[in-house]
Every structure is written in structure tokens, then in C-alpha cells.
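Open the model in your viewer and keep the selection panel at hand. The stops below go from a sheet to an annotated site.

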Amino acid sequence: MCPQKQMAPQLQAVTEPVWLGEGPHWDHNEQALYFVSIFDETIHKYVPETGKHTRSKLDGKPTFIIPIEGKKHHFVVGLNRLVVEIQWTGEDQTARLVRTVAEVDQDNPNNRFNDAKADPRGRLFAGTMGHEYEPGKFDLKKGSLYRIDPDGSVHRLESNIDISNGLCWDLQRSAFYFADSFEYTIRRYDYDVETGSIANAKTVFKYSDHGLEGIVDGMTIDTDGNLWVANFDGRQVLKIDPRGGKLLQKIPIPALQVTSVTFGGPDLDQLYVTSASMNRGEEQLPPCGSTFRLDGLGVKGHPNVNVRLQ
């Protein structure tokens, strides 16, 4: 009997292009994908069942959007250096600012948030980055990584960061994964789920060890403990085993600037991939900037966690 050949993953662009798509969050209850376009100053919702894609403009650069636990149509959004609560029914141009939850990096007023996610207990982990004074050129070592607890208290976990990215947890192995993009590496921390503290950072994957171009952008983790990493400026998504520092798979994406990934779909076995269409000396034509869906990967992710706020 011939061994069964595994089919290649199927890729489809599911939204029209945006300028800088980022921060995808699959809402399992709504069966909808939320994401942002930072330079368009818009938040987005995509419903696969209907194909409907809606957006709403905000007053500032939104960098992430995550539902708030127990408050339907309420979200935390990173807006420049603020964490704000907004109300949004998901219809076009209907988002409303409710309140400011927290402000960070007062000593670096040109900073902004970048990546963020809720940890397994609903605490918000959110990282910042320095000012981008030209496309692709940044004030370095100005960013930090924060944890914002349900009571709104802000805790700085790391500083001296270029661009905060990644952020995912492996509860089974008490691990937290994080990337400072310009290090071209992935860090692992010991993670305490009871307190939300991280400690003992170590590098578990280096791009240079595998001949990879581009930088580490957003990532997620599957139920096997493997990381799925957006390779910005690399036209691909990487599957990585962080326990052995192994590169397991490279999946081409028809966009140079792949920004982030999250698992979604009814069975959490589809990978949604955001991208950008920034012109940094070369025009990025469609489908660059689209959000893509990868099917047939043969793995599943964990449900994304909502933020808990008092």
C-alpha cells in the first residue's frame, strides 16, 4: 500500500487589502475575525459565513482589538500609547470610545503600542515600540512589554525593546513566547499562570541559524506546542518547534509583509494571516495587504482569550 501523501495547505485571500493589517483575533463565540489596520486608523471585522467585512475609523492608530469578557460589543484597543475601551456593534463606522483604561510610555511620547494578547487568565499583555520616523526606520530600544491586570494596574515586564511582537503561551509547559523583532529571534520565558509573572528569558530560535530573511512578527501556538510565526519581509509563515529550535515548515504567502497569524474557524484548524501593503520604495500590489486563510494544515489552535476588565 502506498503511503498517503499529505495535501498542500490551501490558501485564500478573504478580505480586500489594507495598509497595515495586524493583530488578528478570532472570536469563537461570534465566529468572526477581528483585526486592525494601523495606518488606516481602522478596526475590522470579517465573518466567514457571510463573507461580510466591516470597518470603523478611530481617532489614532489602533494596534490591537480584543473583546472584553462579559461585555458584548465591547473591546480593548491599543490606540497610540493608550489602552482604551470601545463599543462597536461590528457595523461600518459605528465604533464609540468609552474610556481610557491605561496609558504607558509617558517618557517616550512618540511611542505606540504594537502587539498584544490576553493571557490564559485574561490579563492583557501589550508591548510598545519606538517612533517610526521613516517607513521601516525606528527609534530603537524605546519600547517595553507590559501586563495590564483586570483592575487596570500596569506592570512593566521588560524594557529596552525595539518592536514588541509575538506573545503566546504554552500552559502545559509553563512557557511564554515573545519576540523583539529586530533581534531576529524568539524568546521563551518561564510563565506563572497564577501571578502572570514571567522570568528567565532565553533564546529558543534564531533566524540566522536557518538562513531566514526578514523579521519575526506576530505568532500563535498550536495544541502540539509548535509556533506559527509571521515572517515579515519574508513572504511566508513559519512553523517552529521552540523546544528544539527546529524549523518544521515554511508556507509561502503572496505578500512580502506578512504581519501576524491566529487560528480560527469552527474547529480552530484554519490559520488566518494578516499582511501589509506598505510602500517602502517598492509598491506592494494586491493581494498584498489582504487577510488570508490557510486550510489543510493538519493542526489546531487554542481559543483566543478575551480581556478581563473591572
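Over how many bridges do β16 and strand β17 pair, and in which sense, parallel or antiparallel? Select residues 175-180 for β17: β16 pairs with this strand in the antiparallel sense over six bridges. Strands here are DSSP runs of E of at least two residues, helices are runs of H or I of at least four, and both are numbered from the N terminus. Two strands count as paired if DSSP finds at least two bridges between them. This is a predicted model, in which local features need pLDDT of at least 70 and side-chain atom pairs count only at pLDDT 80 or more, while totals for chains, interfaces and linings use all residues. Residues are numbered from 1 along each chain as its sequence is written, and side-chain values use heavy atoms, with hydrogens and water left out.

Next, pick asparagine 165; alanine 179 in β17 stands opposite. Then widen the selection to the open sheet of four strands, ordered β16-β17-β18-β19 with antiparallel pairing. At its edges are β16 (164-170) and β19 (197-206), each pairing on one side only. From one strand to the next the twist averages 25° (axes are lines fitted to C-alpha atoms, for helices over the stretch in contact; angles run from 0 to 180 degrees between N-to-C directions).

Now select residues 20-277, which UniProt, in an unreviewed entry, lists as "domain: SMP-30/Gluconolactonase/LRE-like region". UniProt positions follow the numbering used here, feature names are shortened, and annotations may be inferred rather than shown by experiment. This range is 0% helix and 60% strand, and its end C-alpha atoms are 6 Å apart.

Zoom in on arginine 112, in strand β10 (residues 112-118). Is this residue buried or exposed? Arginine 112 counts as buried because its relative accessibility is 10% (buried is under 20% relative accessible area, exposed over 50%, partly exposed in between, with a 1.4 Å probe and protein chains only). Beyond four places in sequence, its contacts (heavy atoms within 4.5 Å) include Lys61, Asn80, Arg81 and Glu132.

Finish at glutamate 132 in strand β12 (residues 132-134). Glutamate 132 has a relative accessible area of 21%, so this residue is partly exposed. Leaving out residues up to four places away in sequence, glutamate 132 touches Phe39, Arg112, Lys137 and Phe138.
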